[in-house]
Amino acid sequence: MEQFIQLDVNVLRNTDLNSDEKIALSLLNDRMKSSVKRRSFYDDKKQAYYVIYPIDELRTAVNVSKGTAVKILKKLEKLGYVSKRKIYSQATRLFLPKFDIETYTISNSEPTEVQDLESNHRTNHKNIHDNTVNTDVSVKFEPVVDHAQQWAESTQQKVGLTFSSIQAIQKFCKNNVEKCKQVVRLILNARNSVAKANSLVKQPVAQFESNQNIINGLAQQLEHIFSYAVKLPQSNYAGYVTNALKAYFTSAFGLETKPVAVKPTVKAIKFNDGKKRIHEELPEWAKDDYEFKADTSVDMGKKAKIKAMLSEI
């Protein structure tokens, strides 16, 4: 039985690709049609479907040498049509960032975040032939799961954050669900730390759903904090975000009347090469090793009145 593949017109007219590269991309595109029907070819970590196409099989299909087949994949990867991810003891996964699942076409949009996947340079041979059939009409189509939306709805229900706050988190994390979860943990840890230090654990004033200050202001404060956190190294943002949020929750709980400016100190520093560079230095309370201590100068009478008022609500 003869098999045919579709050659996308945008690929056909692409002057950056030669004939062999166009054929190879069409083969990968055709195989992706099979992958999107199978949940087993969905990468949960990268939230994208992938194909398995061994280099020997590709060179045979295109009728080129192994070296040429390798060069073809490198060219497609350079142009953003393919990105590879090697997994220990498994076959290399090929992602097609420009593949449009809805219409089975290749778009002209910029490559998605999946293009930046890292490889660990470890070989694998498991399931090499799992994805070698071009079509499989007997397999039930499984729609793409919007994990980011699922996480947003679940977090809103379980944690009580407003969707505005959740959207600010998703924007900062670029819809990376795992990073979103980490940021929510930072928010909860900061809230719980301030509440515990001031004997407000499980009190209405410390809850996202009942404190009007948090309902109205947390999303804006998160955007403000994130605007500085994006300028920090990924390994250092957690401490800054946590301590900035501690200052915010202290104010939101009514324990502090003056808002705290969350902004690093910027100053020019002369380096060993004699050149001056801008250096951002965080305030002490925003550094990783900072330990929060309750303000002993808090008006205890005023605090008692607030607690009494809250207990009557």
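This is a predicted model: local features need pLDDT of at least 70, side-chain atom pairs count only at pLDDT 80 or more; totals for chains, interfaces and linings use all residues.
**Helix 6**

I began with helix 6, residues 163-173. I listed its buried residues: Ser165, Ile166, Ala168, Ile169, Gln170, Phe172 and Cys173. I recalled that an α-helix has 3.6 residues a turn, so residues three or four places apart point the same way.

Next I looked up what covers them. The cover includes helix 5 (147-158) and helix 7 (177-197). It also includes helix 8 (212-229) and helix 9 (237-252).

Then I checked what comes after the helix. Lys174 follows helix 6, and its phi is positive, near 55°.

**Cavities**

How many cavities of 30 Å³ or more are there? I count two.

I took the largest cavity first. Its volume is about 50 Å³. I find Leu200, Val205, Phe253, Leu255, Lys303, Ile306, Lys307 and Leu310 in its lining. By class, I get six nonpolar residues, two charged and no polar. Lys303 and Lys307 are the charged pair.

The second largest cavity has a volume of about 30 Å³. I find it lined by Gly160, Leu161, Thr162, Ser165, Phe208, Ile214, Ile215 and Leu218. Which helix gives the most to this lining? Helix 8 does, with three residues. By class, the lining has five nonpolar residues, three polar and no charged.

I came back to Ser165 at the end.

Notes
Residues are numbered from 1 along each chain as its sequence is written. Side-chain values use heavy atoms; hydrogens and water are left out. Buried means under 20% relative accessible area, exposed over 50%, partly exposed in between (1.4 Å probe, protein chains only). Helices (H or I, at least four residues) and strands (E, at least two) are DSSP runs, numbered from the N terminus. Contact means heavy atoms within 4.5 Å. On a 1 Å grid over the protein atoms alone, a cavity is a set of points where a 1.4 Å probe fits but cannot get out, and a pocket is an open set with protein on both sides within 12 Å along at least five of seven lines; lining residues have an atom within 4 Å of a point. Grid points are joined across faces, edges and corners, and a volume is the space filled by probe spheres set on the points.
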